[in-house]
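Please keep the sequence and the model in view while reading.

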Amino acid sequence: MATILVVDDHAVNRDFLETLLHYAGHEVLQAADGADALALVRERHPDLVITDVLMPVMGGVEFADRVHDDPDIAETPIIFYTATYRDPEARILADSCRVSTVLIKPAEPQAILDAVAGALGTGPAPSLVPEAAATYPSFLAAKLPAYMRDLVQLQTRLRRVFDRVIEHGDAPSATPEESDEITYAFHLLSLRLTKLLELNIELSSERDSGAMLDLFCRLAREILHCRYVGVGVLDQEGRRLQRWANAGLGDEVRLQFGSIDPRAGVLGDAIATAKPLRLRDQDGKPTTLGLPEFHPPINSLLVVPVPMRSAMPLSGWIYFADKLDDGAFDGEDEQFGATLAAQLSLAYGNLTMYQEIQHHAAELEIEVAERRRAQDELAHRMTHDQTTGLPRFVLIEEHLRSAIVGAAARAGRIIVLYADIDHFHVINETRGRVVGDHVLRTVAHRLNAMLGYRGWVAHVAGDEFAAVLVDTADTQDQLDFAEAVRLAVEEPITLEEQLIYITCSVGVSCYPDNGVSPQELLWEAEAAMLRAKSEGRNTVSAFSNEQKQALEERRALGMQLRDAIRDGQLILHYQPQISGQDWQIIGFEALVRWQHPELGLLAPTRFIPVAEELGLIVDVGNFVLASVCRQIRAWLDAGVSDFIVSINVASLQLQRPNFVEIVRNALAAQDLPARYIELELTESAMTQSVGHAVSTMRALKALGVRIALDDFGTGYSSLNYLRHFPTDKLKIDQSFVRDITTDASSAGICRAIISLGHQLGMSVLAEGVEDAAQVSYLLRNECDSFQGYYFSKPVIASQALTMLGHRYIAQDAIPQPQEANTLLLVDDEENILRALSRALRRDGYRILTATGAREAFDLLATNDVQVIISDQRMPDVSGTEFLSQVKEMYPETVRIVLSGYTDLAAVTDAINRGAIYKFLTKPWNDNELRTQIREAFRVRKPRVGAL
C-alpha cells in the first residue's frame, strides 16, 4: 500500500480520486492547492503526488518546481491531472517541470490506476470490474418544504369568505353584525394577500441579503399585525447565526442578538421539530415566552422554522411577537407565517444562488485570465530558457534559417558564435546555483548587448550560448568579433559586493565560407569551441574547412567503429619496456590498432577519441583485456615467462562497478596468473571519483594485478591522492622526455618525478625515449626503465615473442659513463675551438666541443661533464643564458664564460645567480687559462662530494 497525495481545488475531483485509490488499497491525503500540498509532502513524504495544474494560491507548475528544488523531497514522483491542457502541450509543460506522467481529465478509472502503478513501479494495477468501478460521488439536493400548500389553503379560505359574502350579502336572515363581520374578514384577508404579493415582488428585486432580511421584517410585521418580527439564518453547521434582522426592536437589543445560541429556547424548538409554535401568556402578565431574556416582554408569540434554499442547505427561523390587538396568533396567522417563510426561503435562496453565480463569474474571469497566463507561460517555457530568459536553441535555428535566405539574396555574410563558460561547474559547486544562475543571466545580458539589433542570442544548455550576427555591410572580421565577445564575457561580475571571475571559450563559423544550413553552421561553431577548450580554454577558435573534413572523418569512423569491434578489425601491437639495470626486456605495452578495410592501419589517435565520445571505449577496453590475456597464455605455452604486459584502462572502464569482476573473469578464462598483467590508469581517471578509484585499485591489487600511473604530470596531480593510491609504477609522459636534454623545465620535472616515485616506493618508467642522450640523462638520474622508438617500435605478437626469446638488447647502443675529467668547449667559431683544444689537451682532459647550445645539450646528456667553457656571443643564445639553463639541469658542473664581448649587466646578473663560476676574456694567455681550468676541476671535486 502506498501513500498518495491528491491535490485539486475542486472537492469532487479529490473525492473521486480518493474513492478510486482506496479501491486499489492506497492511503490517500488531500490538499486544495499547491501550498498546502508542499507542506504535506515535506511532512508526510508521500510515495506519489497527483496534482491539478491550475489552482489558487499555488498552481501545479510552481508546486512541481519547488518539490524538485528541495533535495529532501526532489525524488517524489508527480502526476499532472489536468483538464486545462491537452496533448501535446500538457506533456511539453510536464517535461519542463520534470514531471513524467500526465492524465487528461476526465480520465478512465482504469487508466488512472495504471498510471499510478507505473509511477510507483509496483507492477500491474488492479483491474476494475463494472460493479466495482469508481464513479463520481453523488450529492443529494436539499428537499423543498411543502409550504406552498399553506398559500393554497389561504386562497381556498379567501374563496370561502368570498362565497359567503355572495351567498349571504342579500339574505334577509343575515344580521347587520354578521354582515359586518364577514365584510371585515374579507377586507382583512384581501389586505394580507395584497401585502403578501407586494412582499414577494419587493424580495425578488432585492440584491443584498442584509437589506432583504430588513425589508422582510418590516413588511411581515404589517402582514401579521404584530409589534416585533425577527429573522435568523444559521450557518452550515447550525451553531451560530450567519445573518439576522429585526423590526420593532431598539438598537441595543438588536445588537445582542448576534451572540445568542440560535438553538436555545423556543427558537431552537421550532428548528428541532420543523413545525410552527404558537404561545401566549397564561396569567395576563407579559414575559419573553422563551425568547432571549434581553427581549422586551410580550403577550403572544409565533415561531416558524425556515429551511433556506441555496447551493448549500441552511436553516433558520422567523418569530412574530406581541400581536397588536392583544389577541393570540391563530391558525390563519400560522398559515400566513408559513407562507412568509416559504417566500423568504425562495427569495433568499435565489439571492444566494445569484451571489454565488456572480462569485463564480468573477472566479471564472480570474480562471480564464489565469489560463491565458498559463498558456503564455507554457509557450514561453517551450521556446525560452527560464533562467536567462533567452530563446532556446530551436529558435536560433529558425532565426538563422531566415537570415541565410536574406544573406543569400544580397550576397551577405552571417557569423555564428558558440560560447562556453570555462569551468562553470566550479561556480555551482563552490558558490551555489543562485550565484551560477546570476552568472548565466549576466552573460546573457552581455551577449545581447554585443549583438543588439544585428542578431540573436540563444541559451543552448547549461553554460553554453549560441549567437547569430548578420553582417550586412560585410565588414566584420569573425575572429575580431569573437574576441570582443570573449573579452566582454570575462569582465568581473559583481554580486553582493563580491567579484566573480569567469572566462569563456568561443568557436566561430561563417556563412557562406563554412556552411550553408543552420545545423551545419551551428555544429561547426560548436566544433570550433571544443577545439578552443582543448587548446587551453579562454580563447577563440575559427572553424576551418580542413577541420570540417577531419570532423566528417571522425563522424564516419564513429559509425563504423561498433562494427569494427564486432568483426575483429581491431588488432594489438606490443612495444617493449627495457630495464635500466641490465637492458633486459621486462615486458610490453599493448597498443590497439584498427585495421580498417579501406583506410588501412589506423593509429589509436584516429579512433580512440571517437570511441570515448560514443561510449564505445568500454567495449574497446574489454576487447583489449581479453585479447592480451589470450596472447599471454599463448606466449606462456610457447615456453617464455617472467614478463609483464601493460594494458591501458579508460576512465569509463574504471568507473564501472563490475570492472574488477571483468578482470577476474578475463584471467580465469585463460587460467592466467594475475602477475602477468599491469593495468595503466591515468590521473584523470583516478581523480574523478577518488573513493571509488581507491577501492577498485585495492581490489585489483588483491587479485595480484600490478598498477601503473600513466602520463604522470600531465593531469591535475594531487600528491595527497597519490600517496593513497596503491600504485606500483609511475610512467613519465613523453612530452617531458622529448625535451629533456634541452629544456630545463622538462628536465627538472623528470628528476622530480623520479625522486617522488622512489620516495613512494614505486618504480619509474620513461615513455617516448628516442635517442641516446635522453637515455643517458634519465639513467644518470636513476630512472628504472625505458620505452620508446630508441629501443623498438611497437611490433606484432610474433615479433614480440622473438624478442622475449632473446631478452637483451645490444649494450653498445647505450653510452657508458666516463671516468676521466671531461671539459666541454662551446663556441660558434671553429678556429676558437681548435685553439682552445690545443692549449688544454696537454693537461690530459677529455675535451668535447660544440658549436651551439643544442649540440652542447646533447653532449651534456650523454657525457659526465665537469667543467664548461662557453663563448658569450652565439647566434642562437648568449653564453650566460646557456649556462643558466645548464645550472638548472646540471647544477654540479663548473661554468665559465670566455668572451671578447662584455655585457656587464648580463655577466653580473649571471654571477649573482650562480650561473657562472668565472668570466675570462679573449684573447687569453694559454698558461693563465690552463691554471684557471685546473682550479675549476679542483673546485668541482669538493662540490660533487657535497652533492
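A salt bridge here is a side-chain nitrogen of Lys or Arg within 4 Å of a carboxyl oxygen of Asp or Glu. Such bridges link Glu 589, Glu 680, Lys 731 and Glu 767 in a network, and the search of the whole structure finds 26 salt bridges. The model is predicted, so local features need pLDDT of at least 70 and side-chain atom pairs count only at pLDDT 80 or more, while totals for chains, interfaces and linings use all residues. Residues are numbered from 1 along each chain as its sequence is written, and side-chain values use heavy atoms, with hydrogens and water left out.

| Salt bridge | N to O distance |
|---|---|
| Asp 235 and Arg 240 | 3.6 Å |
| Arg 486 and Glu 483 | 2.5 Å |
| Arg 566 and Asp 563 | 3.2 Å |

Arg 486 is buried at 10%, while Glu 483 is partly exposed at 29%. Arg 566 is exposed at 60%, and Asp 563 is partly exposed at 32%.

Helices are DSSP runs of H or I with at least four residues, and strands are runs of E with at least two, numbered from the N terminus. Arg 486 and Glu 483 lie three residues apart in helix H15 (residues 478-489), and are therefore separated by about one helical turn.

Note on methods
Buried means under 20% relative accessible area, exposed over 50%, partly exposed in between (1.4 Å probe, protein chains only).
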